[in-house]
Each structure stands twice: as structure tokens, then as C-alpha cells.
Amino acid sequence: MAKKKTKFMCQSCGYESAKWMGKCPGCGEWNTMVEDVSITGKQPRKTFTHTPEGSSVKATPLVSVESIQEPRVETKSGELNRVLGGGVVPGSLILIGGDPGIGKSTLLLQVSSQLAETKNKVLYISGEESVKQTKLRSDRLNVTSENLYVYAETNLESIHHSIEQLSPDFVVIDSIQTVYHPEVTSAPGSVTQVRECTAELMRIAKMKNIAIFIVGHVTKEGSIAGPRILEHMVDTVLYFEGERHHTYRILRAVKNRFGSTNEMGIFEMKESGLEEVLNPSEIFLEERSQGAAGSTVVASMEGTRPVLVEIQALVTPTSFNNPRRMATGVDQSRVSLLMAVLEKRVGLLLQQQDAYLKVAGGVRLDEPAIDLAVAISIASSFKDKPSSGTDCIIGEVGLTGEIRRVSRIEQRVQEAAKLGFKRVFIPANNIGGWKFPEDIQVVGVSDVNEALKKVLGD
């Protein structure tokens, strides 16, 4: 006889407990324990396998496996193709997460329309809207393809039956938290339901070679709701980011089995839907204040794309014993490290100064090539001396104050020259072996002291 077994599982680390606890003993996080109901004493459901039904299973030498280059399906959105690594891979399971109202459904409906226009059969399954509500959205986005099918359902068995009947090339599930498996007694959106439904969708994608997009809700901390295993099961995890009160959206890959995880795509939300932004550097710099102390521009690499962004710093005397260090868009510990280098190697007295740092445009920068721009913006604000508005600064700062070489320097300098910058400061070791653009002056610096003298005129 089947028995129900209730346990509580931590969504962050997977710790299991027989009773609910406010604080997880495994990772120390609060309010992460959720109920997980499992059924014992019953024949388990069919699990995911790559082997077709009825065929024998045996190990195969890797060298005897035929190498087949799986063709990607490109959409009309170059930004989405870049983030996915060149297009949609057939048979892949793609998870898209984002805040409510950020535009996930709009993005996927537009992508479904683009795929359907290229003679692909697309099934859009909505668990949050009726067919008529989806039609209203499609009218606003001017979606008129005959190969796009809409189905409002949350029962996974009905969804599976519809896929069997239609045999689509692409499937969109909006959203995974609304879908439920009738054999699982938990409520839709619970850990068990999300895990079981995702495993079944993975099996369908691999067995039938159908690319499936699933939408995932996010928690207030910004991570995708549900068990952490959800992100491990899928092939690609994309985050759709941006402020609800601003028009620009950033699509970022945090996991991709078929491409780079450093790529990002930028869109602008308009009345007619999302439009891709071909030159994001202009957007990040369009509201920059000229002649303001504490502002610098850095050329950062986002995957294969160089992006110019503004770094702003505000250094002000503190009235407390412990000065504040706040950073938005960069690692706060990295800012503290660079301030220590400025104190020790340059002689700036920053011990009694509050420091606030921000990357304009909501971009997150995590590469070492931004170190020199961060250090100069802090020194510029501290000395109240602005840098030139036509200067771009690139370089990694070591603990001894030296400027270390960075990768892809030629692409960074060309992007700065394209946007009209007159000077670019780069590590001295990066000079040589490549041709400088004619309309920009390339200046090599070897340490922080030299960089400050050349940039701020000390």
C-alpha cells in the first residue's frame, strides 16, 4: 500500500529534516526549509533516459560514438542568439527566470513568433493566462504566424498528450511553478512538483528532440524559486534582469552547456514589445555628467562583446568610527582591496572616508580589468579632480600597485575609439604586437602612481 512520507528540505543546500526549522543547520540560511511529500511503497514512475524504449542498454566506447554536429536554430533576435551561444539547440531544456512583470512572457511570445515564421511548429503552453488573454498579448506584439499554437493547461499529463498529438519543434511552458503532475500529491509550485515536472519535461525534450523553454519565478533574493536541483537539471539557465520602471532589460546566461556563460543581451521594452539594442555602450554612457569628479569609463568584456560602462565613486568624510564601504555592480571586497592599495602605495588617507561605488546602467562587472578604473574614480572623488570626459581606463591592479595586462585589449580599444574617446590608458605590458586605431591615443601605464599622474594631472 502506498504511504506518504513528509520531510522538509532546504532550497539552498538540500539539507533534509523530519520537522520544519526556521534556520537550516546545513547552510545557516533562514526560511529556506520547504515541505517535500514523497510516496513510498509504489512502483516508481519512468525516469529520464537517453535510450529509446525497447532497445538494449550497454556501455559504448567513446571513440566509437559518431560525432554529429547538431545544427542550431537561429531566431531573428541576434541578442538572444548570442546569449544562447549561436542559436537554439534542438532537444535542449532552457530555463528563463526573472522578476514579475519584467517581460519574460513577452520575450518568449516574440521568440515563439520568430521561430514559427521560419516554418517551425511552436506550442505555447500558458498556465497563468487563458487563450484569450494570450491572444490579447499577441495582438499587441503583432504576432500572426499560423505555425504558433496556444494551449492553456497546467496538468502535465494533458500537456504531454498535446505534445504527442501536435509533434511541435519547440515548446514554451509559462510557468513551471503552475504545472503539476497528477500522481504527486503536493501542491503546484512545491519542491516535489517542480522537480518531478522538470524531470518529465527533460525526458520529453531528449527523447523527441524538442527544444523546451520553461519560465521560472524568482524569490525575493533574486534566485529561481524551487529546489536548487532545478538549475542543475536543465541545459541552460537565463536570467532576465532590469528595473521595472526603466525600459532596458538584460538577458544573462548563468549556465549554458552549449555556449559561454559570460554573454549578455540587451533589450529595450517598447509598446510593440522588446527590441534588441545593437550598441549598448551608447546607452550606458548617454546620461554621463561631463567634468564630474569620481566618474571614469572602462571597457569591459561581456563574453565576446566589449561594453563601455561608467563607474561612479563618491568619497566623503565620515563621522563614525568605522567608515562605510558600499558598492553596487562590483564586488565590495574588491573595492576595499583597491582602497587599501591606494592608501599603502599612493598615500591617500582613506581611513576616515566613507566610500560609495556604483556601476551606471545596472550592469554587474566581475572581471579584473576594471580595477584601474575603480581606483582612479575613488582617487578622483577624494581629490575632487575630474578626469577627462574622453578618457577610457583599462587595467588590473596588483597588491604592490602594479598594472597587470588584460585579455582582448585590441577589441576594448577599438570599442572606445568607435564611441569617440580620444585617450585610452592600458597596461604597459599590453602595448606591442597589435595595431592601434588611428583616431585614439593609447597610453601605457605600469603602476597606480603613474596612472594617477597621467589621468588626473598630479
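Okay, let's start with pairing: two strands count as paired if DSSP finds at least two bridges between them. Strands themselves are DSSP runs of E, at least two residues, and helices are runs of H or I, at least four, all numbered from the N terminus. With that in hand, E20 and E21 pair in the parallel sense, over five bridges.

Quick housekeeping. This is a predicted model, where local features need pLDDT of at least 70 and side-chain atom pairs count only at pLDDT 80 or more, while totals for chains, interfaces and linings use all residues. Numbering runs from 1 along each chain as its sequence is written, and side-chain values use heavy atoms, with hydrogens and water left out.

Back to E20, residues 423-427. On another side of the pairing story, strand E17, residues 391-393, runs parallel to E20 and is joined to it by three bridges. Phe425 in E20 stands opposite Ile393, and its bridge partner in E21 is Val443. So is E20 enclosed or open? Four of its five residues are buried, so the strand is largely enclosed by the rest of the structure. Buried here means under 20% relative accessible area, exposed is over 50%, and partly exposed is in between, with a 1.4 Å probe and protein chains only.

Now the cores. A nonpolar core is a set of buried Ala, Val, Leu, Ile, Met, Phe, Trp, Tyr and Cys residues joined through side-chain atoms within 4.5 Å. The largest one has 44 residues, and Leu365 and Ile378 touch the most other members. Elements giving two or more residues to this core include strand E14 (305-317), helix H8 (332-346), helix H9 (371-383) and our friend E21 (441-445). Which element gives the most? That's H9, with seven residues.

Take Leu365: leaving aside neighbours within four places in sequence, its contacts (heavy atoms within 4.5 Å) include Val298, Val309, Ile311, Val359 and Ile370. Apart from this core lies another, of 29 residues, among them Leu80, Leu84, Leu115 and Val172.

Two more residues before I stop. Val89 sits in the loop between helix H1 (78-84) and strand E4 (93-98), and at 10% relative accessibility Val89 counts as buried. Not counting residues up to four places away in sequence, Val89 touches Glu70, Arg72, Ala211 and Phe258. Val89 and Asp331 are 34 Å apart, C-alpha to C-alpha, and 242 residues apart in sequence.

Then there's His160, in helix H4, residues 156-166. His160 is buried too, with a relative accessible area of 18%.
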